[in-house]
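Let's take a walk through this structure, starting at a single residue and then moving on to a sheet. Have the model open as you read.

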Amino acid sequence: MERLKRKVEVLESKEADITRALYEAESRGSNRRKTEVNTWLGHVANLKNDVQQIDQKVQARGWAIRDLLQKDVDRLVNEATELVQNGNFAGGLTLKADERVLLLTTNLVGLEFETNKNTICQWLMSDESLIVGVYGSGGVGKTTLLTHIYNQLLKDLPDTLVCWVTASQQCSNFELRNRIAKKVGLDLTVYGEEKEKAANLACNLRGQRGMVLILDDVWDRFPANEVGIPIGKNGFKLILSTRSLEICRKMNCQYTVKVGPLSAEEAWELFLETLGHETSLPPLIDEIARPLVRNCDGLPLGIVTMAGCMKGVDDIFEWRNALKGMEESKAAQEDMETEVFRVLRYSYDNLKDTTVQQCFLYCSLFPEDYKIERDELIEYLIDEGLIDGGKSRQERFDRGHTILNKLENVCLLEGGKDLYRKGRYVKMHDLIRDMAIQLTSVSPRFLVKAGVGLADIPEDEMWSEELVRVSLMHNRLLWLPSNASPRCPRLLTLLLNFNGIKGIPDCFFLHMDKLTVLDLSYNREIKHLPSSISNLRSLTALLLGGCECLKYVPSLENLTALRRLDISWTRIPEVPQGIEMLVNLRYLNLEGTSISKIPDGILSKLCVKTRPFGAFD
């Protein structure tokens, strides 16, 4: 035991040196820690916790238990030695955080947009600290304006740190602080108290002379000092967008800019540009298209979405039908946001194909402003059976990409390419996502609380029997209540990934007989799964990747419908019991595990071959 304590002391000294070096590097704002460094720190924390538990057992029961624990002590000595050796990081601890990548955006339309852009950029070029508020109704183009300003500042201020952060409707102070810290490469998990975290973030931002922070989609006033935003310090500049002038006033904005709707001429220009007609339409269609555009009330999002819906349509009957549908849905107008919802709903209804509509609604399960990797999304859609399209995996993926292309073409989804991961993604405009969530509050029923900082699962009354999909991903859930047992007999998809879940009660899955997709990935502290998972006979996908402490999975022999099993980067020592009974298994991911043996006959039936084996790190 003494030898173990000496090893831990050496390890703690190295941990302290690395933490101090990270603080110094990250406080300059231009660096972010490498993933391998974060992983190493996590393993150190796990080992220290294991050592503490053994020490407590010895203190409680005396040296009589020492021999029984000797095997564990020897294992921890070896792990500590390995961690000390792996903590050298010859390649450095950090990477450059500010890559200065221009954001994808659409062209600005209208004289007012160009004037607003130039005016705001001129304000931001000064040496003074200031706050600028940009306000206007949903769908009017605030985000587009800020995107152009962001890109312009990257070009004009090459030595100034410019950061973009989306606040979103349900973003707490805690979550907002973490989003800003992530942008500047600062890890706040090493600090304990909330005030300490805010102070360290403020210190980091204050060290960036003339830094510009853009906060998009602010819904309510927040105390800048509690978040860690150093207002009025060292030329720091904050620009925020919101739907309310009142929020600008409460945030003490020195300058405010209202973004209004487009004029009739500008709206028509944007419609033609999006439609693909640079000059004009045939006279008969022109007569119908102009009142159709007027129904969009000058809101760019509505105009672009309507144009995407009518792109390639040359039959006058379809144009007349579109105008009739828009006019019939024009109820009492409460505000401009009601109008843009009406346009978006028409575009959704016009998809006609229920599979395409279901795939569109599925995108609302992800957090607001989230870049959804296409392949990841298509895997979900295949797992749930929304995409069939052929016998081969390639045929199903082709069908998935075709559906996503259609949704991009009608402007219900935005597409892009991730420059870091080299993959393609889709994302939803916040108003389009709001409409999708509104639709799923009726049928099919969704419960979506993704990326909103939840520390507890929703109340019992929210888990209705009509629910078919639930997303609680990217939150702060730790323990699910011991008596939690939602009655959701129709539930197909449950997304609990990217939380901090440590334990799930055995009763939690008892009333989810039709559950098809269960994603628990990246709950890094969970060690055991409840035995009730063994009874989810409809499950086709069980996703546990990145659960770094997971050691036990109950028998899978009853899960004969399972097609995809991901236990990558877990501590599961051998393939789960009953895997030989999974006659439909087609995807198995064991990457980053110590598993070296697989029962005969498993590999031969996989569509996606098992990824390379590797020792757990």
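Start at Ser568, whose side chain makes a polar contact with the side chain of Asp566, at 2.7 Å. (A polar contact is a pair of N or O atoms within 3.5 Å; within protein, one must be able to donate a hydrogen and the other to accept it, and residues adjacent in sequence count only if both atoms are side-chain atoms.) Bear in mind that this is a predicted model: local features need pLDDT of at least 70, side-chain atom pairs count only at pLDDT 80 or more, and totals for chains, interfaces and linings use all residues. Residues are numbered from 1 along each chain as its sequence is written, and side-chain values use heavy atoms, with hydrogens and water left out.

Where does Ser568 sit? Look in the loop between strand S16 (564-566) and strand S17 (587-589); strands are DSSP runs of E with at least two residues, helices are runs of H or I with at least four, and both are numbered from the N terminus. Ser568 is buried, at 6% relative accessible area, where buried means under 20%, exposed over 50% and partly exposed in between (1.4 Å probe, protein chains only).

Now hop over to an open sheet of five strands, running in the order S4-S5-S6-S3-S7 with parallel pairing. Two strands pair if DSSP finds at least two bridges between them. At the edges are S4 (162-166) and S7 (255-258), each pairing on one side only. Strand S3 (residues 130-135) joins S7 through four bridges, in the parallel sense, and Val134 has Val257 in S7 as its bridge partner.
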